[in-house]
Amino acid sequence: MLAAAASVKFSPASAGGSTTTKLAFKPVHLPPLPNAVPRPLSLSARPLYRQEPFLAAARNGRAASTAPPAATADGSRPVETAAAPEAAKSAKIGVYFATWWALNVIFNIYNKKVLNAFPYPWLTSTLSLAAGSAIMLVSWATRIAEAPQTDLDFWKALSPVAIAHTIGHVAATVSMAKVAVSFTHIIKSAEPAFSVLVSRFFLGEHFPLPVYFSLLPIIGGCALAAVTELNFNMIGFLGAMISNLAFVFRNIFSKKGMKGKSVSGMNYYACLSMLSLVILLPFAFAMEGPKVWAAGWQNAVAEIGPNFVWWVAAQSVFYHLYNQVSYMSLDEISPLTFSVGNTMKRISVIVASIIIFRTPVQPVNALGAAIAILGTFIYSQVIHRTRLAYLTTYVTKEASKPEF
């Protein structure tokens, strides 16, 4: 721009004169702009494992570069350039959420139907993992999906995640076999409380007071729903609680052990299912066994008919599909959006199961469920603001450090 300004010519001839006068401009040197601080919202809008490039850039004293939208010759930026991809992304996220909720509802309905006729949760859990493993192996063999590049270190890091996932999966299935679907999901809405308490007492992490206060409606709502449950069963209650605890440790192990591992969400869950299946198989044979399964299968087929086989196939396939979609959505949305979507998913499952299975619900029980679910939503908002404040402070400090 300075070079262009210095070469500008003024021609009076164009105004009726005959001489040409050259005006020379001295370049003006502006002071350098201070280091811009990245907008914190752009950080919080990504999952934690995708924030590393931004935090690394801040540690190096520079902001992560973002390419501006294409500009026209006069410097204006057309709105359509940024609006079209944003609209497409919103539509894609909407499809993810709708598919996730629908698949989850279908799985829970068929899973409960199977467990009512065939009350063997260890085999039911095994079939769910086996179906998902078979689907992904066929997808990789036929190149419908690209197989992940893994090594021994990857599987070692995945092992504790798979152990926790196996425990949580079996415990949730045991709970579903003993109590109503709605009650299991009401108790499972207390998972944020387990997450905070485990992080505080086992990992030594500290949270601001608003986070602890946001847990009160979750705990209170779950307690109210439990004491007013008409068909309360202690094994079902403990199964849901153990499932919460196991999934919290699964998330912790995943964040610590899988950090830096470049595997897509779909392939990550596929590997997790396969390793969990290997872990679960010997325990399933020990806890129930082929003789029990054969007798139970004959009774279920005699009572339900051929439809029972389709129920088992449906619950196994839909379990894998809904989990696969949820892991794939993590590649596209922020943790806050995922948490809100998970809360809405739980509401849809509770409502659908009450309608389909005609579960009797007392007004006080429904109030407890509503309080617990509202508490999970409040918690997600509070924890999001806490992380946002932390990231803002961190990036601001790193960006303000002098360069050497």
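User: Buried means under 20% relative accessible area, exposed over 50%, partly exposed in between (1.4 Å probe, protein chains only). Is C271 buried or exposed?

Analyst: C271 is buried, at 1% relative accessibility. This is a predicted model, where local features need pLDDT of at least 70 and side-chain atom pairs pLDDT 80 or more, while totals for chains, interfaces and linings use all residues. Residues are numbered from 1 along each chain as its sequence is written, and side-chain values use heavy atoms, without hydrogens or water.

User: And C222, buried or exposed?

Analyst: C222 is buried too, with a relative accessible area of 7%.

User: How many disulfides turn up?

Analyst: Zero, in a search of the whole structure (a disulfide is a pair of cysteine sulfur atoms within 2.5 Å).

User: Back up a bit. What is the chain made of?

Analyst: The protein chain has 15 helices and two strands (DSSP runs numbered from the N terminus: helices H or I, at least four residues; strands E, at least two). Of its 404 residues, 41% are buried.

User: Which residues have the most contacts inside the largest nonpolar core?

Analyst: They are W100, W140, L158, Y268, L272, Y319 and Y322, in a core of 32 residues (buried Ala, Val, Leu, Ile, Met, Phe, Trp, Tyr and Cys joined through side-chain atoms within 4.5 Å). Two or more residues each come from α4 (79-117), α5 (121-141), α6 (152-178), α11 (265-287) and α13 (307-329). The largest share, nine residues, is from α11.

User: What does L272 touch?

Analyst: Leaving aside neighbours within four places in sequence, L272 is in contact (heavy atoms within 4.5 Å) with L158, V161, A162, H165 and Y327. Apart from this core lies another one, of 22 residues, including F194, A226, A372 and V382.

User: At what angle do α5 and α11 cross?

Analyst: Roughly 145°, with the axes coming within 8 Å (lines fitted to C-alpha atoms over the stretch in contact, angles from 0 to 180 degrees between N-to-C directions). Their contact has 16 nonpolar residues, six polar and no charged (Ala, Val, Leu, Ile, Met, Phe, Trp, Tyr, Cys and Pro are nonpolar, Asp, Glu, Lys and Arg charged, the others, Gly among them, polar).

User: What about α12 and α13?

Analyst: Helix α12 (residues 290-304) crosses α13 at roughly 115°, and the axes come within 8 Å. W297, A300, V301 and I304 of α12 meet N307, F308, V309, W311 and V312 of α13. That contact divides into eight nonpolar residues, one polar and no charged.
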